Amino acid sequence: MTITHEAPLPSAASVQKLMAQLGVADAALSGGNLPVRSPINGAQIAQVKTHPKQDAGRAIEAAYAAFKIWRKVPAPKRGELVRHFAEELRVRKELLGRLITIETGKILEEGLGEVQEMIDICGFAAGLSRQLYGRTMPSERPGHRMMEIWHPLGVTGIITAFNFPAAVWAWNAALALVCGNTLVWKPSEKTPLCALACQALLARAAAGMDGVPQNLSTVLLGGPELAETLADHPLVPLVSATGSARMGRALAPRIAARFGRAILELGGNNGAILTPSADFNLAASSILFAAAGTAGQRCTSLRRLFVHESRYEEFLARLKATYANLSIGNPLEKETLVGPLIDGAAYEAMQTALKEACLEGAKIAGGERLLEDIWPCAYFVQPAIAEMPGQSALVARETFAPILYVMRYRDLEAAISAHNAVPQGLASSIFTNDLREAGLFTSSLGSDCGIVNVNAGPSGAEIGGAFGGEKETGGGREAGSDAWKYYMRRATSTVNFSKELPLAQGIRFKRPAV
């Protein structure tokens, strides 16, 4: 294990300068009631103002007024705004990536990767603005044509979590904007600065364009009451919410009560299976990033690993050796691979889970706190490997921390069954060089997750595919493929270009003579 702590640390002054370069005024960073702390050293870097609940209602009404203008703008022109936004991101990639690292604690390489993900989804969405296709279907009636037409939906409410404070918003925002919708964004209270920066960059992109209404995008800073307002408000036809299953259980019934739409991206608890034929070098690298990367705080982080009994001892020895050589510390340093947990609550949750694992007979390597003597208000940990006697209720419960539960298996079908025997269903992997094993895992008899990978870990999804999962993960889909359809309303249109009026299903209904 290498500990790194030499790079300059975040401070209020350095963050103020960084935010100014991103277009956020100094006044937005001080005098508020919400302190913002960097998990890198625990320093307070800003104090922002939160919005009262009544502000949320007014913001939604203003966004709806903007929607009535924005929906009239041709989709390719809407795509131009998103393209301009991508250009702003390219120019300021280093700045925004650094801010993401400062506010979340993820390593700088991942912070920059998050900005690249935003650029990528903007490119996808800009192209999509000329491809919002509806189908034409044959009609059974002579002289008739059937087609589907996709229309803008309305105000899109976006609720995001701390771990991807910019990219997940961009997944939603880029698609929603080209689809003709307006945005109201409630970011995590732990990462408000990234939201303010993204809003400033979008405003800068819009400033050079005609036809962009005021209040196209709004950021609301505050607590759960703002999310509840988005969930309850009849002028918000779609709410995309990323967070815990507990949050989803609180919001989903409220949205459903008014027959609104929800895109829910909730718990993960992702699993992988290592078969006897697996490439160990490839698997070890992939598992290391998936389980320890981002300090285990991705929704796609690997939390459960099933290793065939014939290769268990050999692979675990290799994996533990790899863990022992991790570079842990200041995520602003290039050599660092693992930064801190987001806060003390995350650390306590990790320690509670490890203690429970010990009581269940686990053999644990790692998990201890690091750098407390240097940064007592920051929570760095050695990622943990917990060799479990079996999959218990603890293992089936997601702990948002770098704990990898490892279990033996003998029969692949039994391993797949155990893999699926958890409430969550986001991402999954199998490491194998056997085509039949790969085919089984990706078939309807295999993984029950929304993301099913072969010889690639569950983390690091590309924007080209739809992102999301099943069961307690929420069932929503964001980003690529045809996820754009969530953000539009579909109209089926029948055009009669004949002089007759035949009815479907051959029904005869003659108008009586008058």
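Residues are numbered from 1 along each chain as its sequence is written, and side-chain values use heavy atoms, without hydrogens or water. Because the model is predicted, local features need pLDDT of at least 70 and side-chain atom pairs count only at pLDDT 80 or more, whereas totals for chains, interfaces and linings use all residues.

**Helix α9**

- Helix α9 covers residues 245–257; helices (H or I, at least four residues) and strands (E, at least two) are DSSP runs numbered from the N terminus.
- Ala-245, Met-247, Gly-248, Leu-251 and Ile-255 are buried, that is, under 20% relative accessible area with a 1.4 Å probe and protein chains only.
- These buried residues pack against β6 (155–159), α8 (224–232), β9 (238–242) and β10 (261–265), with contact meaning heavy atoms within 4.5 Å.
- Phe-259, which follows α9, has a positive phi near 60°.

**Second largest pocket**

- The second largest pocket holds about 230 Å³ of space; a pocket is an open set of points on a 1 Å grid over the protein atoms alone, with protein on both sides within 12 Å along at least five of seven lines.
- Its lining has 16 residues, and Arg-37, Ser-38, Lys-190, Ile-342 and Asp-343 lie nearest the centre; lining residues have an atom within 4 Å of a point.
- Strand β2 (residues 34–37) gives the largest share of this lining, 4 residues.
- The lining comprises 8 nonpolar, 3 polar and 5 charged residues, where Ala, Val, Leu, Ile, Met, Phe, Trp, Tyr, Cys and Pro count as nonpolar, Asp, Glu, Lys and Arg as charged, and the others, Gly among them, as polar.

**Cavities**

- The whole structure contains 2 cavities of 30 Å³ or more; in a cavity a 1.4 Å probe fits but cannot get out.
- The largest cavity has a volume of about 60 Å³, and its lining divides into 3 nonpolar, 6 polar and 1 charged.
- Residues lining the largest cavity include Lys-106, Phe-162, Asn-163 and Gln-297.
- The second largest cavity, of about 50 Å³, has a lining of 9 nonpolar, no polar and no charged residues.
- Helix α6 supplies the largest share of that lining, 5 residues.

Notes. The expected span of a helix is 1.5 Å times one less than its number of residues. Buried means under 20% relative accessible area, exposed over 50%, partly exposed in between (1.4 Å probe, protein chains only). Grid points are joined across faces, edges and corners, and a volume is the space filled by probe spheres set on the points.
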